[in-house]
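Morning, everyone. Please bring the model up on your screens and keep the sequence beside it.

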Amino acid sequence: MDPITIILTLAGLIVALVFGILQVGIGRKQLRLSLKTDERGFLTSTDKDEVPRKTTELSKDLKENNGTDRIAGPLLGTVAQFFQNRCKELRELKLQLLNQELRLLLVCGRPGVGKTALITKFIHDLKNDDFYLDEPKTISIDSIVYITLRQSEDRSPDKIVDLLAKTLTPMASRELQDKWKGESTLNTKLEFLFRDTLAHHRCLIVLDNLENILDAENQIHKDYDDLKQFIEKCIELDHSAQLVITSRRTMVFRTDLEGCIGKRRVELSLDDGLPEPDAIKLLRKLDTDGSLGIQNSDYEPLVKAVKQCYNIPRTLEILVGTIRQRRTWTLSKLFDNPETLSLLSANPARELHESLSSEEKLVVQALSVYDRPVPSDAVHHILPRHPVDDIIDALIKNYVITCDYRNKHVSLHPLDRSYAYRLIPDAETNNTKPVFHLLAAEFFGSQEKPQSEWKGIEDIDAHLQEIHHLVLAKHYDDACTILNIIDREHLAVWGNYALIIELRIALVGQIKDRYLNSINLGNLGCAYLESGAPDKSVSYYEEALTIACELSDKAESRWLGNLGVAHLSLGHIEKARDYFEQALALAKEIGDRKHQGRWLGKLAHFQLRDGKAPNAIQAYHEAIEIAREEKDIRFEQYWLAALGSIHASSGETHEAIRFFEDASDRSERIGDQKRRYEYLLNLAACFANLGNKPKEKECYERAITIARNYGDAVAEGNSLVSLAECFFNMGNVPESIIHYESAVSIASALGDKLAERNFLRRLGLIAISNGNAEQAIQYYDKALEIIPDVEDDPTEIDLLIKLGSSSYYLGDHNKSIMYYNLALSSARKIGNREFESIALYNIGDANHLGGNLSEAEHYYQESLTIDEIATNYKCALGLGMVYLQQGAGKKARKYFNRCATICNHFLEQNYRFHPESSALSLALLGMGKSKEALLILHQGIERGVSVDGLHYTLQDLLVLKRCKESLLGLEEAIELIKKALA
């Protein structure tokens, strides 16, 4: 294992080993949106002041709920300037989404029919709680993810997961992102997404404009196979999410899937346009000031108009917009010219565009370049000498441009955008596509945030848009230069490997500058390596290396070393070593100190593998010096932590502390909170090893603060557990309980049943050690109510046994034996011999303590027939006591001797005071070897036996006293333990 990754989180390991806590699973604190419908599907009016108030309250509630978002994605701020309610379609949408078996709702229809407007209206009403019920039909939705597929960078599962993560609790989000960035296959990741993350999280995933990725056969194009797999898995698997897709064409699935989809897919067709009454209402609304004569027109002419426009909302808008553009036209004048009306209905986008002045056409074409809502300044940047704002205002009034008044962004309908964009010349002269795209790139370049504010991909959206337009302007070298700024230290750190691959593949073969070309190829290799495809990364690294060699470029060392990293990932150990050695030699030769240090650190891994720890330590020290020279703080902290790990594993705890503290300082300096958290856990483990409880406690407290700051609930929960154990070992039981209960609350909020149950089990043990059996029973009962989905999990048996022990502690002998018998039955049911042996022993022990010696002897003997060392020595000790009490000294000595033999064998391998050495001391007392017994007790106390260990030892001594009071050394042993407890 690479020393960089050898992090000695001993406290976490102790928790895992002692309490069976393997992992804190994903959490789902559900945020509910209620969509209510009546039988007719009509929308009732809402108080204008009430909707903003409810929306504000909801937003406040969400921010108080771990800061998660309810809706993620570029949802349009406006539905349509005049949205005419599609009661039938809205009702159908609502009724279909009530069916939780539904996986895919496909909204299909011709261009301009209002698919996006319908879905957006639906989401806005859902968001604002604008639906009401005459009957109790409610759609409960946790979150909505909205994605338009018009831009290529959004056409991937990565984009969906990135947005979905924003709607989850911090823990659930981090768990999903970590899984998604891992090296498993896409199929495995999708299984986790749907069966774990979305198992109980009711999410609407809206994919708008699917026609952008369909091929001629109406199947998803092979270039978007990842998205195809996403949609197919969403339909195939059982989960709580639903997929809503809009498309101009229906979607065709593979033959085997088509045959088994059944009720999981429903298609809603909008090809008929609006119902005639609604279409006429919309037409009248569009004549806002009545100047066109439509508001007061007779019914018959309006029927003729809407039929001519096929009742399609966007065509009706264009009809009115075109009349407005013609200035002197009216609806009646248009009817007098049937040829013009026919042309308009046949190609409304063309007729609308033709009705524009040359200056208006230029503004529309400039806006079409952006293919997304933008501020008017974006258009002004392309056309600085034109009255852009005045023209845009007029075009908004005439329904050519849509304005989102919430954020003052303007956009075109996809039909109009597509038509206008096709009319822009391709030649590289004024007012052409390359020029417009270059100016658009300049605009986004002016919108870039300072690097200090980059926290996530949304903060570098302007850079991504700049790259997009530079590529379309064929300025590939400039696009690569911008990408180099955001790639390694940002996109890669945030796990956006698929996006990096997409952006860099678009540049392959297009870059003129050979140096930039090598960087593009090499960083493409890095993206493939980090996305779990080291085999693909090798060829790109080799291409980058070839160019770097030809250019005698310093990057040659970098690509050699990265080839080493790739081959190490592929398990080619010696090949990786060879590349690291070559990279190091070259870095020394050309004076590339930064990479010299990095490859030295990597090679130290192999020196440790070869058993040359001193050489590895020397290499790490040298790598640290170089990192300091080059101000390479990120790698300096890695090497410091690696040295800390080596010294800790060698028992040189004080040296380990020094290195971990230095590593923690460097991580704090560069804002690497996750690494700093890990280093604090290492420091806590080191201080625990030294017995410095105050320092150990301080490290855990700082780690908890950091975990809270970067929103890692798993880390916070585990640190709370470690802090609770620290308090317990310091004898501060109340503080220990407080922190364990906080950990329980976090596990419960995250939906991690396994962790919650284990924490409650430990709380029961702590309560028992504090003499509070009633409280222990409460914790155990709560733990029993939690049923994690773990096959043949023995925890329930363990809890039943602990309930039996706690009941006996309270003097309820019958209830104690009842719990033990339940545990025995459960153990036999799942075939767990270990717990069967434990249950048998406990039934014997309860009978023994209750004075029923014959029953005790029977169960002890039956337990001994199962070869389980952990219970065999206890049963042997119990039988020794039973026979001693019955006066059968010879039999008693035989079993005391058997107990001592087992304990001695065990303690030779791993010395612990409790319970093996405790049992050994009792067996020795039973055999009359009091000096040896008292010596073992003294040694245990000196080495720091736990409080609960002392309690159990005292209880056993009192039982032994009841068997035979006159045993030599017994009273002295009892006083010794009582004194230690005091």
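One term before we start: a residue is buried under 20% relative accessible area, exposed over 50%, and partly exposed in between, using a 1.4 Å probe and protein chains only. Next, the ground rules. This is a predicted model, so local features need pLDDT of at least 70, side-chain atom pairs count only at pLDDT 80 or more, and totals for chains, interfaces and linings use all residues. Residues are numbered from 1 along each chain as its sequence is written, and side-chain values use heavy atoms, with hydrogens and water left out.

Start with helix α11, residues 299–308. Which of its residues are buried? They are L302, V303, A305 and V306. Look down the axis of α11: these buried residues fall within an arc of 165 degrees, so they line one face of the helix. The arc is taken from the directions that run from the helix axis to the C-beta atoms. Now turn to the other side of α11. E300 and K307 are exposed there.

Next, the sheet. Six strands form an open sheet, in the order β2-β5-β6-β7-β3-β8, and the pairing is parallel. The edge strands are β2 (71–72) and β8 (265–269), and each pairs on one side only. Two strands count as paired if DSSP finds at least two bridges between them. In general, strands of a sheet pair through backbone hydrogen bonds, either parallel or antiparallel.

Zoom in on β3, residues 104–108. Five bridges join β3 to β8. C108 stands opposite S269 in β8. Helix α5 (residues 157–166) touches β2, β5 (143–148) and β6 (203–208). The direction of α5 makes about 150 degrees with that of β5. Helix α8 (residues 225–236) also packs on the sheet, touching β3, β6 and β7 (242–247). The direction of α8 makes about 135 degrees with that of β7. Those axes are lines fitted to C-alpha atoms, for helices over the stretch in contact, and angles run from 0 to 180 degrees between N-to-C directions. Contact means heavy atoms within 4.5 Å.

E211 lies in the loop between β6 and α8. At 13% relative accessibility, E211 counts as buried. Leaving aside neighbours within four places in sequence, E211 is in contact with T246, S247, R248 and R249.

Now charges. Side chains of opposite charge can pair when their charged atoms come close. We call it a salt bridge when a side-chain nitrogen of Lys or Arg is within 4 Å of a carboxyl oxygen of Asp or Glu. How many does a search of the whole structure find? It finds 33 salt bridges.

Take R372 and D461. Their closest N and O atoms are 3.3 Å apart. This pair links distant parts of the chain, 89 residues apart: R372 is in the loop between α16 (358–370) and β9 (374–375), D461 in helix α21 (residues 461–472). R372 is partly exposed, at 24%, and D461 is partly exposed, at 27%.

Last pair: E696 and K693, with closest N and O atoms 3.5 Å apart. Both sit in helix α33 (residues 693–709), three residues apart, so about one helical turn separates them. E696 counts as buried at 6%, while K693 is partly exposed at 22%. Elsewhere, salt bridges that share partners join E625, R628, E636, D665, R666 and R669 into one network.

That's my tour. Thank you.

Conventions: Helix = DSSP H or I, 4+ residues; strand = E, 2+ residues; numbered from the N terminus.
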